[in-house]
Amino acid sequence: MFITNHRGFFFWLTGLILAGAVGAILFWGLPLGLDFTGGSLVHVSYENGRPALADIQEQVDTVSLGVVSVRAFGEDGVSLRSRTLTPEEHTALLAAISTDALATELSYTSVGPALGSQFTNKALWAIFAVVLVIVLYIAFAFRKVSRPVPSWGYGITVVAMLTIDLIVPAGFFAAYAHVTGAEVDSLFVVAMLALLGYVVNDIIVIFDRVREHLARNEKLGFKESFEDTIGKSIDETMTRSINTSLTVVLALIALIYFGAEATRNFALVMLVGVVAGTFSSITRSAPLLIPLAKWFDRKN
Amino acid sequence: MTRYRVLAVFALIVGFLLIYFVWATETNPYSAYRFKLGLDLAGGTELVYKADMSQTPSGERADALSALQGVIERRVNLFGVAEPLVQTERASALSGTTEDRLIVDLPGVTDIKAAVAALGETPTLDFRLVAPTTVGTTTAVAYIATGLDGRYLSSATLGFGSGATAGLSAPQVILNFNAEGAKLFEKITSENVGKQLAIFLDGTPISSPVIQEAIPGGQATITGQFTAVEARDLVRNLNFGALPVPIELQSSSAVGPTLGAAAISAGVVAGIIGFTIVALFMIAWYRLPGLVAAVALVEYVAFMLAVIKVIPVTLTASGIAGLIITVGMAVDANVLIFERTKEELREGKTPREAVHIGFQRAWPAIRDGHLTMIISGVILFWLGTSIVQGFALVFVLGVLASFISAVSLSRVFLLAVVPEEGSSRFWGWALHSGFRFRATTPYPLPPTT
């Protein structure tokens, strides 16, 4: 019952991590990518080695395209980010950066501003919808549990947990983006939504055990403090919680080290989210029910 | 026991067949079941257009959109692309207004400028006389321009008249010309009775009716050998020979072939390594059940690949990532079950009982956990863009498949090998987990009263 006995410590630790994550988001911000703001992104590679970035920037500036940021991309490539380009401007840009050495275009993405703002809208709605549906489902699945915490109490606990579980990887990404220049893209949203679905899985296993113990105790007329029930449930499910996350972590590490460039940031955010989410499910989800139970007790 | 052994052998055979199917269809370059690769892997261009429906009455929007799709499809085909894909999408932007989009996928094309130009140019509708010319022994068909084109057509309508088959009315396409066109049409028809007058759309002949007689009055009827559906489509194409609604390029993306090829090989390597370490971990930790889970995982992967081929799901880099992640998640239910089995063993149950009860007790958590994952996957799919959907589809399929593989395959395999009676030291060892960090004394059961 290590965790329930020291839950004060874990709540504080959570507070600290959360403060760090929120701080990172507020301080550095989450730089929004093309999918949200609209704009164009060109990746090119130079077969005989990349010319100096300053030279490329100079060549880019000969075409009037507004502000174009030029960054190194991979070994001998360059990525160029600008406002939404027309097909003609895109061709002109490619010609400009090929004046000294031939640039081969690896990929080109251009998103109109209208589409970008729509995606932002949709992404926020999707996250909201997933959380709502999960809460409703939990409240339904635990409908037979009423004491000492009513079933919707489990739902509310899950919302609190999921909020934290999203803020931590987002905070990590804010710091990561600050260092590497990565941007929030649609895959980041995918990572967030997939995390919501996955992390709640861990919470459910622990809650399921609590549910089972409560039912058994009631049937057998066995008196046990709610705190003990929770502590027992966490201990019994701990190996399982760690092991299932470990297998996902192993798969994600393989994806980060060996997988495609396009999904690397995505896998990294997933990795941080899964580790943080598992930690939070084990140390906080069920312990959070204890103060909730006390509150309901006082109310009655 | 015998029943489970038969089932286990059956499951293994199905597994081998699935692996064979995946292997055989992938090594055969002509197979219809090869993996369909998305543009980010195969290389190519995706263009997203917004259809401006502000001038179109709301009742005709669906028609206009499908006509637009038809026009663009014809132009794409002219552009000479293998397996192009033109899709329409009605997106409601939650603000209450719907937006109609046209998504054009051009595999292998990386010149966006040329593609945009080819799709955006105004289409041509024109009428040409068919002149069979005999060169030696072969008869070639030559077309002679008449000067009559889409500018003179005021509208086309669908009609039904008495056809070749007595008693049945045959669908007809009625062309209405404007005054100038009517004069021109009368002149052409009077001079060429008995000849075929071909109708060209975007440079392709779509119908070649025979001129029966001189036609005054600016109305022509095409009584071809077509069905009602064909006639309706022809009317639509004629009316919408030009783009029925203005379109505006909203987003475009192009991926060169090198980047895509690198993404594929990286995905394959990551998949194999990810699978291997997950399987090794399961065997090292859970011993016999772990081995069973690893076998079930092989079947899971074979099944997923087969499903992706058969549906077919278009694979993208994000889809491959989704597949690799679900390999890690697929053992989730197994871990739940095995941990539960172990607990039952500690309480003194025989191995077989423990396995049975372990599955039973783990069920509610497996059900709730998988359902919430499926819910989030479905909402992800609704989010839309192809990158997101590529992941979401694989994710949902993976969760479903892992659900089935854990509660059926692992169970069948495990029950096929765990002995009926008694518990030897060997089975106690085989069903326990591999490493012990601390003495795990189970909490005592509540006393029965």
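Me: What makes strand β12 (residues 247-255) of chain B a pairing partner of β4(A)?

Reply: Two strands pair if DSSP finds at least two bridges between them, and β4(A) and β12(B), which run antiparallel, are joined by five bridges, so the pair meets the criterion. In β12(B), Val255(B) stands opposite Ser107(A). The elements themselves are DSSP runs numbered from the N terminus, with at least two residues (E) for a strand and at least four (H or I) for a helix. The model is predicted, so that local features need pLDDT of at least 70 and side-chain atom pairs pLDDT 80 or more, whereas totals for chains, interfaces and linings use all residues. Residues are numbered from 1 along each chain as its sequence is written, and chains are lettered from A and ligands numbered from 1 in the order of writing.

Me: How do you know that strand β1 (residues 39-46) of chain A also pairs with β4(A)?

Reply: The same cut-off applies: eight bridges link β1(A) to β4(A) in the antiparallel sense, and the pairing therefore holds. Ser107(A) is the bridge partner of His43(A), besides standing opposite Val255(B).

Me: Why is strand β4 (residues 103-111) of chain A called mostly covered?

Reply: A residue is buried if 20 or more other C-beta atoms, placed from the backbone, lie within 10 Å of its own, exposed if 12 or fewer do, and partly exposed in between. Eight of the nine residues of β4(A) are buried, and the description follows from that count.

Me: What makes the phi of Arg287(B) worth a remark?

Reply: Phi of Arg287(B) is near 55°, a positive value in a residue other than glycine, whereas most residues other than glycine have a negative phi. Most peptide bonds, likewise, are trans, yet a cis bond with omega of about -15° joins Ile311(B) and Pro312(B). Pro312(B) belongs to the loop between α7 (257-310) and β13 (314-315) of chain B.
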